[in-house]
2 protein chains.
Amino acid sequence: MHMQRMEIVQVYKCFCDVQRLRILNLLKDGPLCVCHLVEILDSDQVKISKQLRYMKELGMVEDERVAQWKVYRLADATNPLLQKNLKCLQDCYGESIEFNKDIRKRSAVTARMQRENAACAQAISA
Amino acid sequence: MHMQRMEIVQVYKCFCDVQRLRILNLLKDGPLCVCHLVEILDSDQVKISKQLRYMKELGMVEDERVAQWKVYRLADATNPLLQKNLKCLQDCYGESIEFNKDIRKRSAVTARMQRENAACAQAISA
DNA sequence: ACCGCATATGCGAATAGATGCATATGCAGC
DNA sequence: GCTGCATATGCATCTATTCGCATATGCGGT
């Protein structure tokens with residue numbers, strides 16, 4: 001694996017896993033750091049970290065260090081293939097793959113972070 | 001690999017290869033047999049056969065024997081995820097992944113079959 | 001320099017997918 | 001039953017991806 005540009009097949013490779021789909025869906029509303037994703041997806045740090053690495057190799061996400069956090073965002077949020085595919089998924093299976101639930105949880109988690117961990121909350125809103 | 005129903009992730013697995021994308025694009029306009037696909041995609045029989053097998057395992061296509069031919073069609077042409085994704089691909093990259101060229105070649109090939117190999121032409125139009 | 005938190009990497013095993021080459025199978029006509 | 005055409009399968013090899021477990025690295029505060 002290498003790759004950095006977002007190619008057609010790379011997009012679909014990224015889409016081949018529900019957890020990655022959920023991550024993309026979350027990131028489309030703005031950047032998040034690993035700790036957010038771990039909590040929202042109710043997964044563990046190593047797993048999420050590796051998914052993000054893979055997604056980065058595929059050219060789908062970018063990362064940026066902010067203090068001790070690593071903020072991830074979509075590499076090209078305007079890519080029409082990505083946008084349309086996510087929208088299509090949302091339309092067809094929004095609830096069944098937990099897209100909607102994740103978005104609701106995202107709000108809850110970021111709100112709590114705002115209170116309990118202001119520095120981290122700052123990192124993703126910069 | 002097993003699977004037969006068309007699940008979300010299976011769809012994307014099918015989409016992870018340009019040749020498979022081209023096959024789906026061709027089948028969306030109606031059934032074809034292996035010999036058509038081999039010619040339109042300018043590939044070889046074993047390769048196409050294996051792609052079709054994989055696509056069948058993913059639940060994306062169905063086959064039917066007609067005399068010595070094997071006719072393949074989309075397992076669920078009305079599946080919205082499939083339809084929308086193909087349309088989206090068509091819109092975004094129609095020429096670059098040869099979707100359009102393939103469709104044009106499809107017409108040429110089926111027309112010629114009609115003349116030179118009527119039995120086979122009959123098989124896919126039944 | 002040390003500690004704790006956030007994140008990443010390494011490794012070994014397991015599974016999945018791709019590829020090239022050879023060969024088998026199914027069907028129709030003779 | 002033999003032949004030819006259309007299609008499928010088997011096998012060995014290779015690369016890609018996944019998973020669990022352990023451990024390393026980067027950063028900020030003391």
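Colleague: What makes up the area that chain A and chain B bury between them?

Modeller: This is a predicted model, and in it the two chains bury about 1700 Å² between them, with 77% of that on carbon and sulfur atoms. A:Ile8, A:Tyr12 and A:Cys16 supply 32% of what chain A buries against chain B, more than any other three residues.

Colleague: Which elements of chain A give two or more residues to the side that touches chain B?

Modeller: Those are helix H1 (8–14), helix H2 (18–27) and helix H5 (80–93) of chain A. H5(A) gives the largest share, 9 residues.

Colleague: How do you know how many salt bridges to count between chain A and chain B?

Modeller: A pair needs a side-chain nitrogen of Lys or Arg within 4 Å of a carboxyl oxygen of Asp or Glu. The count between chain A and chain B is 0. By class, the side of chain A that touches chain B does have 4 charged residues, along with 14 nonpolar and 2 polar ones.

Colleague: Why are H2(A) and H5(A) called roughly perpendicular?

Modeller: They pack at an angle of about 110°, with their axes 11 Å apart. Angles of 65 to 115 degrees count as roughly perpendicular, so that's the name for H2(A) and H5(A).

Colleague: Which residues meet where H2(A) packs on H5(A)?

Modeller: From H2(A) you get A:Leu21, A:Leu24 and A:Asn25, and they meet A:Leu82, A:Leu86, A:Leu89 and A:Gln90 in H5(A). By class, that contact has 5 nonpolar, 2 polar and no charged residues.

Notes: Residues are numbered from 1 along each chain as its sequence is written. Chains are lettered from A and ligands numbered from 1 in the order in which they are written. This is a predicted model: local features need pLDDT of at least 70, side-chain atom pairs count only at pLDDT 80 or more; totals for chains, interfaces and linings use all residues. Side-chain values use heavy atoms; hydrogens and water are left out. Buried area is the accessible area (1.4 Å probe) that two parts lose on being put together, summed over both. Helices (H or I, at least four residues) and strands (E, at least two) are DSSP runs, numbered from the N terminus. Ala, Val, Leu, Ile, Met, Phe, Trp, Tyr, Cys and Pro count as nonpolar, Asp, Glu, Lys and Arg as charged, and the others, Gly among them, as polar. Axes are lines fitted to C-alpha atoms, for helices over the stretch in contact, and angles run from 0 to 180 degrees between N-to-C directions. Angles under 35 degrees count as roughly parallel, over 145 as roughly antiparallel, 65 to 115 as roughly perpendicular and the rest as oblique. Contact means heavy atoms within 4.5 Å.
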